[in-house]
Amino acid sequence: MRVILINPPLDSVLRDGHVSPVTSYLFYNSAPLGLLYVAAMLERNGDEVMVLDAAAEKLDIPGTVQRVEAFEPDVVGIGSTTVVFEGARELARSIKQLLPDCPIVLGGYHVSLLPEQAMEEAAFDVGVIHEGEHTMLELLDYFQGERSLEDIPGIVYRSESGEVCFTEHRAEWRKLDELPVPARHLLPPNIYKPIPVDEHAMPKFAMVTSRGCPHACGFCQKANTGYRSRSAEAIVDEMEHLVRDFGARDIAIVDSLFCANKRRVMKVCDEILRRGVKVSWTCSSRVEVVDKEMLQRMKEAGCWRTRFGVESGSDRVLDFISKGITKDKIRNAITWADEVGLRPKAFFIVGHLPDTAETIRETIEFAKSIPLHDVTVQINTLLPKTPQMEVWEREGEKWGRVLNRTTDEKSFWEPTFVPWGMEREDLIRFHRQFYREFYFRPEVLSRHLEEIHSVRDLYKYVQASSLFSFLFYDSESLRSGRVIRGAIGEVKRMLAGARGVAQA
């Protein structure tokens, strides 16, 4: 059959006609691997597949529908998270108007977590609950009249009377090594770009080595989803495939948790070293898992950066969001990573339910006190089916107020929830202040100056100037020119400080 799989357009493209720089750089800088795994399974089955990443190509609904029409599919698949669901729904409606007899299958986290709500949209014919590789194969059998819909586990659909129906649960696929590698050849090259601080060597590709996460972080939709890992041999096989067939020079391992335990990480590193794979890579770690020996082995095996989910610099907040870590553990792990040369990066969130101006200030100071090379800071968003949403639904207005119940890709950069004692403007101010105070320091500037070795290195920072402006300053300051005058003064001070650091 002819199947098109679509990563839907962005809400901001639909609404404003363009994508914000923060969305472009931080949300859509790697391929939709979930769709590419499904595509690979369908290709192995002999089906003809097209993958369209409308988000990365910055397509609107008409542009996406035009591409769908040209392909003349027998089946359309749309993958959607919660923050892009409105775009997915609008796209499905438009496709159904054009191709009323073409079945549309919805997959992704949103329908898995909120199936009844997602299937209220009549344009979706079937929803896939959780992983879709094997389910989609069986759905194609159904669309060809070869099996009954009710006999396919792991789906949600509407009966003829309009009732939402579920089939039996589909067991998690444990044999991850048996899955084909993602069908990256179905996407155009060079449509993804990392932010400058994450660009080490190009071409850069993303891959996953495990599924699920056993931890219970309060803000995360993947909390308590178990953990399954591919073997070290299969992981390095794919790394070699990326180097050999795509010319990869850098690989971002984008698992929720690569460093699940020391034994696993050491096996992967030993296999990379045994085969002599020449590629750099990055990964995510838990601070309580790593030690200096493990981080040193990662460095030897080509890792140049590890990312840590820190989220807060307040032990009280860390305890509330169930991170299972302390500031002392964070400091130890990041110090070790810095000492072995892994350029540690951390993720932070401002506006947790128990956050106050004092805890956010404490977090900013903590981030500045540890040897981090880079940070990503987001504003807390109450996503459905997360532990913190359960707290909110149970305890209501004890913690703060919801300003906007709409979740889209801008939610993480614009307040939708505000803790008591603060206003919306306070969160925006703290968010930008966090970035400015962290990066506008001589030691941080010096680190980045050391990474500029060519005109290309300098150009990538110039290209991202709109992103830095968005994160550091408000639009009013940008329009008035105050930001330019202030930035010039800050850069002068930083350069002077950086020269002092270099001479020390």
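Pro 203 is placed in the loop between β7 (164–166) and β8 (204–207), where strands (E, at least two residues) and helices (H or I, at least four) are DSSP runs numbered from the N terminus. The peptide bond that joins Met 202 and Pro 203 is cis, with omega at about 5°. The model is predicted, so local features need pLDDT of at least 70 and side-chain atom pairs count only at pLDDT 80 or more, while totals for chains, interfaces and linings use all residues. Residues are numbered from 1 along each chain as its sequence is written, and side-chain values use heavy atoms, with hydrogens and water left out.

The loop between β7 and β8 also holds Asn 190. Phi of Asn 190 is near 65°, a positive value in a residue other than glycine. Asn 190 is exposed, at 76% relative accessibility; exposed denotes over 50% relative accessible area, buried under 20%, and partly exposed the range in between (1.4 Å probe, protein chains only). A positive phi, near 60°, is likewise found for Lys 385, another residue other than glycine. Lys 385 lies in the loop between β15 and α15 (387–395).

Side chains of opposite charge can pair when their charged atoms come close. A search of the whole structure gives 40 salt bridges, each defined as a side-chain nitrogen of Lys or Arg within 4 Å of a carboxyl oxygen of Asp or Glu. One of them pairs Lys 262 with Asp 291, with the closest N and O atoms 2.9 Å apart. Because Lys 262 belongs to helix α10 (residues 262–275) and Asp 291 to the loop between β12 (280–285) and α11 (292–300), this pair ties together parts that are 29 residues apart in sequence. Lys 262 is partly exposed, with a relative accessible area of 27%, and Asp 291 is partly exposed at 23%.

Asp 374 and Arg 305 form a further salt bridge, in which the closest N and O atoms are 2.5 Å apart. Asp 374 is in strand β15 (residues 374–379) and Arg 305 in strand β13 (residues 303–311), so parts 69 residues apart in sequence are tied together. Both residues, Asp 374 and Arg 305, are buried.

A salt bridge also joins the side chains of Glu 362 and Lys 327 (3.0 Å, N to O). Glu 362 lies in helix α14 (residues 357–369) and Lys 327 in helix α13 (residues 327–339), and the pair links distant parts of the chain, 35 residues apart. Glu 362 is partly exposed, with a relative accessible area of 32%, whereas Lys 327 is buried at 18%.

Glu 131, Glu 133, Glu 172, Arg 174, Arg 211 and Arg 228 are connected in a network of salt bridges.
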